[in-house]
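Subject: Handing over the two-chain model

Hi,

Here is the structure I promised to pass on. Have a look at it first, then read my notes below.

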Amino acid sequence: MTRPSEIKPREDSTPGTPYAGFAIGRDLGETRFTITPEIAEEYFRAVDADRALYRIDGRQAAAPNVLFPYMTCALYRTYPPIQGIVMGEVEIEFHHPIWADEDTEVVATGRILDKFERKGRRYVRWEEEFRRADGQLLAKLVNTFHVPE
Amino acid sequence: MKNTIRITQEMIDRYGKINGDNDIIHYDHAYAVKRGFRGTLLHGPHMSAFAAELGAKRFGKDWHYHGKLYTRWVGPVCPGDVFEVELADDGTVSANAGGQRAMTGSATLRKSG
């Protein structure tokens, strides 16, 4: 089992990354973690989900958005966070179930797509892919967040 | 379809535990107020999870293979707020809390599969 806290630098644990530190086009460091049945269950509880909605042909899957707590792991391992980051938006595509009755080793990769200012606020946009260790694409996302001054 | 959830600090803390963050805007009321918010903030992806649940309910198995969720967090959601999220027939997602729009977006299936 890999808890996000084990692989995600926490705010204030290291010097954080100011807006100027994000480099467009830079790849994020590959990050590996394992989603276990325990994590799938804890996530169900954390978001008050109805497990019955995630049964596929009689087999229990995790909520596919169980990946959200891991979303910033690769990002923050490359660019440690500062306090006060505010998430703006996310688009995520689901491509394959993550089964809740077995361990799934996940490989996350990504890169910085853009950085820009809008209405006096500074934003960073980046993309990420999550694949199983055997290469099966699980999900991919694009996220934008606001970096405080 | 619609879901209504009363937000508590305990829910935010529970999500924060699995999320593994230490961003005090979610946990320190005084800091959040100093930043100009009514109180601590529900994590954006936590809001999205409530919308994703509606996607799973509507699309079932297909959600896992072809689901596409877009959420834009446009307003704060704080402890004590009633968070109302709705998935319209055309796939539009909207959510309100504290008398304001909190999230917009969509939950659909990718046409190409």
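Below is what I found, starting with each chain and then going on to how the two meet.

A bit of housekeeping: this is a predicted model, where local features need pLDDT of at least 70, side-chain atom pairs count only at pLDDT 80 or more, and totals for chains, interfaces and linings use all residues. Residues are numbered from 1 along each chain as its sequence is written, while chains are lettered from A and ligands numbered from 1 in the order in which they are written.

**Chain A**

Chain A has three helices and seven strands; helices (H or I, at least four residues) and strands (E, at least two) are DSSP runs, numbered from the N terminus. Going along the sequence, the pattern of chain A reads α-β-α-β-β-α-β-β-β-β. Its C-alpha atoms fill a box of roughly 50 × 30 × 25 Å along the principal axes.

Of the 149 residues in chain A, 38% are buried. Here a residue is buried if 20 or more other C-beta atoms lie within 10 Å of its own, exposed if 12 or fewer, and partly exposed in between, with C-beta atoms placed from the backbone. Among contacts in chain A between residues at least 6 apart in sequence, 75% join residues at least 24 apart; two residues are in contact if their C-beta atoms, placed from the backbone, lie within 7 Å.

Helix H2(A) is worth a look. Its buried residues include Ile39(A), Ala40(A), Tyr43(A) and Ala46(A). Seen down the axis of H2(A), the buried residues fall within an arc of 125°, so they line one face of the helix; the arc is that of the directions from the helix axis to the C-beta atoms. Part of their cover comes from S1 of chain A and from helix H1 (9-19) of chain B. After H2(A) comes Asp48(A), with a positive phi near 55°.

**Chain B**

Chain B has four helices and five strands, in the pattern β-α-α-α-α-β-β-β-β along the sequence. Its radius of gyration is 15 Å, close to the 13 Å from the globule rule for 113 residues, so chain B is as compact as a globular protein of that length. The C-alpha trace of chain B spans about 45 × 30 × 20 Å along its principal axes. Buried residues are 43% of the 113 in chain B.

Strands S4 (residues 92-97) and S5 (residues 100-109) of chain B run antiparallel and are joined by six bridges. Thr92(B) has Ser106(B) as its bridge partner in S5(B), and Ala97(B) stands opposite Gln100(B). The two strands form a hairpin with two residues between them, and Gly98(B) in the turn has a positive phi of about 60°. S5(B) is also joined to S2(B), antiparallel again, by seven bridges; there, Trp73(B) is partnered by Met103(B).

**Where the chains meet**

How many residues does each chain bring to the contact? Chain A brings 38 residues and chain B brings 33 residues. On the side of chain A that touches chain B, helix H1 (4-7), helix H2 (37-46) and strand S4 (86-94) each supply at least two residues. S4(A) gives the most, with eight residues. That side of chain A divides into 20 nonpolar, seven polar and eleven charged residues (Ala, Val, Leu, Ile, Met, Phe, Trp, Tyr, Cys and Pro count as nonpolar, Asp, Glu, Lys and Arg as charged, and the others, Gly among them, as polar).

S4(A) runs antiparallel to strand S2 (residues 67-73) of chain B, and five bridges join them. Glu89(A), for one, stands opposite Arg72(B).

Then there is the sheet. Its ten strands form an open sheet with antiparallel pairing, in the order S1(A)-S5(A)-S6(A)-S7(A)-S4(A)-S2(B)-S5(B)-S4(B)-S3(B)-S1(B); two strands pair if DSSP finds at least two bridges between them. Strand S1 (27-35) of chain A and strand S1 (2-6) of chain B stand at the edges with a single partner strand each, so one side of each is left without a neighbour in the sheet.

Enjoy looking around!

Notes
Rg over C-alpha atoms; globule rule 2.2 N^0.38 Å.
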